[in-house]
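Please read the points alongside the sequence and structure.

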Amino acid sequence: MTDLAIIGAGAAGLMAGIWAGRTQPEHEIVMLDGAAKLGAKILISGGGRCNVTHAQVEAQDFCGSTPPAIAKVLRRFEVAQTVAFFRELGVELKQEESGKLFPVTDSARTVLQALLQEAQRVHVKLLHPRRVDSVQRRETGFLLRGSWGEMTARRLVLATGGKSLPKTGSDGHGYAIAQALGHTLTPIQPALVPLLLPGAHFICSLSGLTLPATLELRSASGKRLKSITGSALCTHFGLSGPAVLDMSRHYLAAQRAANGATLQINWWPEKSFEQLEQELQQLGRATVLAHLRRGLPERLARRLCDQAGLAAETTGPELTRGQRLTLARLVTQMPLPIIGDRGFNFAEVTAGGVPLRELHLERMESRRCPGLFLCGEICDVDGRIGGFNFQWAWASGHVAGVSAAT
Ligand code: FDA
């Protein structure tokens with residue numbers, strides 16, 4: 001019987017393995033991963049640069065379990081500790097203006113190699129491809145089974161990630177293992193995922209256009225539920241870009257709650273409907289296009305004029321009240337008829353998972369199944385774009401690794 005088995009060698013599992021090995025050098029620690037190629041998700045993260053963490057990480061940057069529960073784990077391994085940990089591994093991080101931290105090499109491979117080398121240095125046995133199909137609780141530990149055979153372990157860390165990008169190995173099977181060991185799951189849905197519009201929508205014809213925008217999620221009664229300002233990207237299928245990805249989990253959760261929530265976009269975030277409407281009233285001899293171009297790309301400005309049923313060259317005296325109101329509404333409060341999302345093959349993370357209330361958070365140990373530890377994306381925690389999801393993986397992986405070894 002091995003002392004500790006870790007299922008999943010992604011960010012959280014590697015972190016747990018390293019800290020377990022550092023904590024108990026004499027223990028046998030075995031890490032199993034179903035993927036033929038390890039660390040695929042780390043390698044593609046941050047556009048191949050790996051956004052390792054963020055300068056300011058607060059519980060409010062995450063959704064899922066409650067902020068106090070998330071904060072409790074984050075506090076146990078803070079950003080400064082992540083920076084020091086990677087420095088010790090020979091990976092210097094640099095902070096960008098946005099607060100995001102990347103390796104100075106601008107290469108995710110630096111991060112993956114450092115983690116794998118450290119896991120090896122502390123004698124973690126890394127076995128792959130070794131997908132675990134089932135786990136059973138036994139009196140003295142856990143029995144793990146797969147097509148490769150079976151093994152027993154005194155303690156177990158489940159770090160199987162979520163369902164996003166299943167081709168990297170994170171196919172959601174870990175959820176079934178967690179359930180078999182007594183856990184429940186909150187609803188699972190894609191997060192940080194592009195949103196789809198009907199193919200004929202004019203936004204799809206603006207593919208490639210990137211611009212700042214404000215997205216607003218409103219309830220059926222018109223109450224503002226969430227507002228996010230940032231970069232949006234028009235694509236051939238609909239909308240993407242950081243602001244859209246960050247909004248996606250809120251929109252999808254609201255849809256699931258079937259409360260008739262709607263999403264709208266303000267293409268000119270500095271202007272409210274009332275402001276723009278007033279400016280259009282005072283247009284004088286200037287054309288609508290000339291005014292809109294002060295805040296919008298010309299391609300978009302022309303399409304919005306088309307949608308409002310007016311010529312872009314219309315001047316102040318020619319603009320009717322109806323056209324003015326329609327145009328101001330389209331620019332600042334345009335409803336987005338979202339028809340779906342791009343799914344787990346394109347989602348950067350998974351929302352939902354094992355609720356933190358089912359864990360002893362100071363150890364990340366299961367309340368349902370003693371000896372079982374969970375960390376990373378399998379937990380009901382998902383962060384916004386900017387390095388927050390990895391910080392969760394490092395923090396929860398650290399706590400799980402140290403605790404599982406002691
Ligand atoms: P992760 O999914 O990384 O690892 C789980 C591992 O478990 C996999 O290796 C899988 O093969 C293995 N596994 C699953 N089931 C198994 C089984 N039954 N048996 C054996 N092994 C099994 N975050 C961030 O902070 N900054 C960023 O720059 C990015 N960029 C980014 C880009 C893209 C395209 C994606 C898809 C995601 C990101 N993320 C990100 C999110 C980040 O990658 C993610 O939150 C973490 O990798 C989660 O780490 P985990 O270790 O929990 O799961």
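At what angle do helix α1 (residues 11-23) and α12 pack, and how far apart are their axes?

1. Helices α1 and α12 pack at about 35 degrees, with axes 7 Å apart; axes are lines fitted to C-alpha atoms over the stretch in contact, and angles run from 0 to 180 degrees between N-to-C directions. The model is predicted: local features need pLDDT of at least 70 and side-chain atom pairs pLDDT 80 or more, whereas totals for chains, interfaces and linings use all residues. Residues are numbered from 1 along each chain as its sequence is written, and side-chain values use heavy atoms, without hydrogens and water.

2. Residues making this contact (heavy atoms within 4.5 Å) include Met-15 and Trp-19 of α1 and Phe-390 and Trp-394 of α12. By class, the contact has 11 nonpolar, 4 polar and no charged residues, where Ala, Val, Leu, Ile, Met, Phe, Trp, Tyr, Cys and Pro count as nonpolar, Asp, Glu, Lys and Arg as charged, and the others, Gly among them, as polar.

3. The largest nonpolar core has 84 residues; Leu-115 and Trp-392 are among those touching the most other members. Such a core joins buried Ala, Val, Leu, Ile, Met, Phe, Trp, Tyr and Cys residues through side-chain atoms within 4.5 Å, buried meaning under 20% relative accessible area (1.4 Å probe, protein chains only). Helix α12 (residues 388-405) gives the most to this core, with 10 residues.

4. Leaving aside neighbours within four places in sequence, Leu-115 contacts residues including Ile-18, Phe-85 and Trp-394.

Key
Buried means under 20% relative accessible area, exposed over 50%, partly exposed in between (1.4 Å probe, protein chains only). Helices (H or I, at least four residues) and strands (E, at least two) are DSSP runs, numbered from the N terminus.
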